[in-house]
Amino acid sequence: MNNKKTKALAHGAICAALSVILMCLAYYLPFFSTVSVLFAGLPMVFLGTRYGGRTAAISAMAAIVILPMLMGNILSALLLGVLNLLPGVVIGYGIAHRKRYVTVLAFASGAILLGLVLQILLLNSMTPDGNGIAAILDEIVLGAKTMMGQMIDSLGEAEQQQLLPVTDTLYQAMDMVKAAFLLYLPTILIAMATALGYGSIATGIFMLRRLKIRKVTYLPFSMIQASRGVCYLSVILSFITAFSVSTAPLTVGLRNMGALLDCFLAVCGLSLIDNKLSRKVASGYARTGIYAAVFVIGYVLIGFIGQALIFLGLLDGMMDFRRSYKVGEGYGKDE
């Protein structure tokens, strides 16, 4: 018993130090910060799986205490620690207690969403009117308009007159993009948190397999599928929001719910393609490369591609082209 506690203490200290190093990289390297949540919490996944959630939580708190000493900003360090370490603690606890896949994904995504919301609240609190996000978007749009105006001013008067309708259209498009971003900010946050939660679980399971700590079954990407209820709800929300221009809170909420379901259906559509393509291309890395190439080459048609994926996900949910098992079935059982 004492030997196990000693190992847990030693591993907890090492994992806390490793997490601090990874979070410092995320703080000082902008590129790494975008994917830090996938890696900084891996030591906590290891601790939670091997020694339990309590050990992982204590190690995470120790890392958060140390982090401000290196970053010099207590609040930023606290928010960074919550965003990067809390999901790892949740995932490790879920794997150790053999929770269902969808349960672990929900709580991991919730932990990431909490970190994102706290960061946005901090950003908003930095402005007198509490609209930090809107102020940043205004600066971005103003900068883009100023740059475009300078380019047009360098042209002759005749060219300026010819480009005037195009310029007005582009300015209106920028304002529309800003308004749409603010309108669908909840959808963006939830979708981002879910994607990062899924990636964090996949990365954690990959690490546990490589270190030969535990082999855990999981829901393959090629088996993600919407239920008929989700499909019906998506269609109903599409009809409701299509004929409404109201900006009332209820309507905004319904729009965001519909957008979230559309995102999920698009993922299901891509999952269906992956399910069929996997019979021809066995390597998951190769299929990922194919999808990335298609999206990069066809970025001009990204809207059409998205709608096609939503339609595929909707059809698959209604007709069950894969005859798949229930989502999350079997997760948490050792192979």
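**Before you click**

What you see is a predicted model, in which local features need pLDDT of at least 70 and side-chain atom pairs count only at pLDDT 80 or more, while totals for chains, interfaces and linings use all residues. Residues are numbered from 1 along each chain as its sequence is written, and side-chain values use heavy atoms, with hydrogens and water left out.

**Stop 1: the whole chain**

Colour by secondary structure. The protein chain has 14 helices and zero strands; helices (H or I, at least four residues) and strands (E, at least two) are DSSP runs, numbered from the N terminus. Its C-alpha trace spans about 85 × 55 × 40 Å along the principal axes. Of the 335 residues, 38% count as buried, where buried means under 20% relative accessible area, exposed over 50% and partly exposed in between (1.4 Å probe, protein chains only). Take the contacts (heavy atoms within 4.5 Å) between residues at least 6 apart in sequence: 75% of them join residues at least 24 apart.

**Stop 2: the largest nonpolar core**

Now select Met23, Met44, Leu47, Leu67, Leu85, Ile91 and Ile201. Among the 50 residues in the largest nonpolar core, these touch the most other members. A nonpolar core is a set of buried Ala, Val, Leu, Ile, Met, Phe, Trp, Tyr and Cys residues joined through side-chain atoms within 4.5 Å. Which helix gives the most to this core? Helix H1 does, with eight residues. Zoom in on Ile201 and you'll find that it touches Ile91, Tyr101, Val104 and Leu105, leaving out residues up to four places away in sequence. There is also a second, separate core of 12 residues, with Ile112, Ile120, Leu185 and Leu189 among them.

**Stop 3: Ser19**

Stay with helix H1, where Ser19 is found. Is Ser19 buried or exposed? Ser19 counts as buried because its relative accessibility is 0%. Show its surroundings: apart from neighbours within four places in sequence, Ser19 is in contact with Ala40, Pro43, Met44 and Leu85.

**Stop 4: two crossing helices**

Select residues 249-277 for helix H12 and 302-319 for helix H14. They pack at an angle of about 80°, with their axes 6 Å apart; axes are lines fitted to C-alpha atoms, for helices over the stretch in contact, and angles run from 0 to 180 degrees between N-to-C directions. So H12 is roughly perpendicular to H14, a label for angles of 65 to 115 degrees. On the H12 side, the contact includes Asp262, Leu265 and Cys268; on the H14 side, it includes Gly306, Leu309 and Gly313.

Centre on Gly313 in H14. Gly313 counts as buried, because its relative accessibility is 0%. Not counting residues up to four places away in sequence, Gly313 touches Cys231, Leu265, Cys268 and Gly269.

**Stop 5: the cysteines**

Finally, show the cysteine sulfurs. Cys15 is buried, with a relative accessible area of 7%. Cys263 is partly exposed, at 35%, and its sulfur is 11 Å from the closest cysteine sulfur, in Cys268, which is too far for a bond.

How values were computed:
Parallel < 35°, antiparallel > 145°, perpendicular 65-115°, else oblique. Disulfide = S-S within 2.5 Å.
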